[in-house]
Amino acid sequence: MKYENILVDKKEEILWITINRESKLNALNKPTLDELNDAISNAQNDAEIGGIIITGAGEKAFVAGADISEFSSYNNEEGKVLAKQGHDKVFDLIANSPKPVIAAINGFALGGGLELTLACQIRIASENAKLGLPEVTLGLIPGYGGTQRLTQLVGRGKAMEMILTADMINAESALSFGLVNQVVPLVDLLATSEGMMKKILSRSPKAIKAAITAINASLDSSINGFEVEIEEFGNCFGTDDFKEGVAAFLEKRKANFKRD
Ligand code: COA
């Protein structure tokens, strides 16, 4: 697929995705969601890629939301389809990704933009970032997982406050209640995100995958997360990564895990 709305760059084991609609503050229109789906799906099947970092083009916005101009005349059914397709194509794909996805939030992360970061496993924000879910100002509610993932991440009280007031908050405030993992100067954002990803990628890939599966299970009320943890823990013992990790510890050397 030819990309016109995102830039994709494979460097070592990391796939960098830059949402590239700077003149529209990187708002997510349908073609952008399709391209994200394609790039992320390909990365899942590419044994050379260990993780993905998503950011926005320019210094102003990560993503300023879903593209409002695209859905301005939608009816109820079209609204449902828009949300459902977004969940299936991009947001759930990221949230359930066995390979870690880091959001490098370089400016406005609003509406669907904040929801995109919420689907990622880790969020690192620049000091100038502004985060919010302004949908109620448009007569809408978040439709790409925001009501669920924000609540899971920061609790019902803060989620209610952010969604009902529609207020934008700054990065420091987001850090204070766990909405982002780290805040750094904008010039350091990509290097910090890369550093965090490289550290994760130096760990056992099979254990990383198992950990993501078990942590995500805690969010799914239809399954018993403790049982998933027991199962995943047990399965780790049958992996080459476990043999290598333990051997490296006993031999007092750094583990050398293989990606396959
Ligand atoms: N959808 C479509 N276009 C968007 C957009 C969105 N979510 N967010 C910004 N844009 C476009 C603007 O329409 C403008 O395009 P134009 O130059 O062709 O008119 C361009 O991006 C720049 O935005 P602008 O509003 O002029 O920048 P600003 O610095 O004055 O304001 C924001 C920045 C983020 C506060 C403002 O753009 C905004 O409120 N955006 C919408 C946020 C939102 O409600 N998101 C949730 C959608 S569900």
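Modeller: One term comes up at once. A residue is buried when its relative accessible area is under 20%, and exposed when that area is over 50%. Keep in mind that this is a predicted model.

Start with Arg21. Arg21 sits in the loop between strand 2 and helix 1. Its relative accessible area is 15%, so Arg21 counts as buried. Which side chain does the side chain of Arg21 meet in a polar contact? The partner is the side chain of Asp67, at 3.0 Å. Setting aside neighbours within four places in sequence, Arg21 is in contact with Asn5, Asn26, Ala27, Asn29, Thr32 and Asp67.

Asn26 is on that list of contacts of Arg21, and Asn26 also has its place in the loop between strand 2 and helix 1. Is Asn26 buried or exposed? Asn26 has a relative accessible area of 0%, so it is buried. Its backbone deserves a look too. Phi of Asn26 is near 60°, which is a positive value in a residue other than glycine.

Compare Glu12. This residue lies in the loop between strand 1 (6-11) and strand 2 (14-19). Phi of Glu12 is near 50°, again a positive value in a non-glycine residue. But Glu12 has 65% relative accessibility, so it counts as exposed.

Now turn to the ligand. Around it stand 15 residues; Lys24, Lys60, Ala64, Ala66 and Ile68 come nearest. By class, this shell holds 10 nonpolar, 1 polar and 4 charged residues. A backbone N or O atom of Ser23 is 3.4 Å from an oxygen atom of the ligand. A polar backbone atom of Ala66 lies 3.0 Å from a nitrogen atom of the ligand. Taken alone, the ligand exposes 860 Å², and the protein buries 60% of that.

Go on to helix 1 (30-44). Ala43 lies in this helix. With a relative accessible area of 1%, Ala43 is buried. Leaving out neighbours within four places in sequence, Ala43 is in contact with Leu15, Ile49, Ile52 and Lys99. For a sense of scale, take Ser218. Ala43 and Ser218 are 175 residues apart along the chain, and their C-alpha atoms are separated by 25 Å.

Finish with helix 5, residues 146-154. Where do its buried residues point? These residues are Gly146, Arg149, Leu150 and Val154. Seen down the axis of helix 5, the buried residues fall within an arc of 105°, so they line one face of the helix. They pack against helix 3 (76-95), helix 4 (112-119) and helix 6 (156-165). Just after helix 5 comes Gly155, with a positive phi of about 95°.

Now back to your loop. Arg21 is buried at 15%, and Asn26 is buried at 0%. Look for the contact between the side chains of Arg21 and Asp67. Then check the positive phi of Asn26.

Notes:
Residues numbered from 1 in each chain as written. Predicted model: local features only at pLDDT ≥ 70, side-chain atom pairs only at ≥ 80, totals over all residues. Heavy atoms only, no water. Near = heavy atom within 4 Å. Polar contact = N/O pair within 3.5 Å; in protein donor to acceptor, adjacent residues only side chain to side chain. Areas by Shrake-Rupley, 256 points an atom, 1.4 Å probe, with all protein chains shown as cover. Nonpolar A, V, L, I, M, F, W, Y, C, P; charged D, E, K, R; others polar. Buried < 20%, exposed > 50% of the residue type's maximum accessible area, 1.4 Å probe, protein only. Helix = DSSP H or I, 4+ residues; strand = E, 2+ residues; numbered from the N terminus. Arc of directions from axis to C-beta. Contact = heavy atoms within 4.5 Å.
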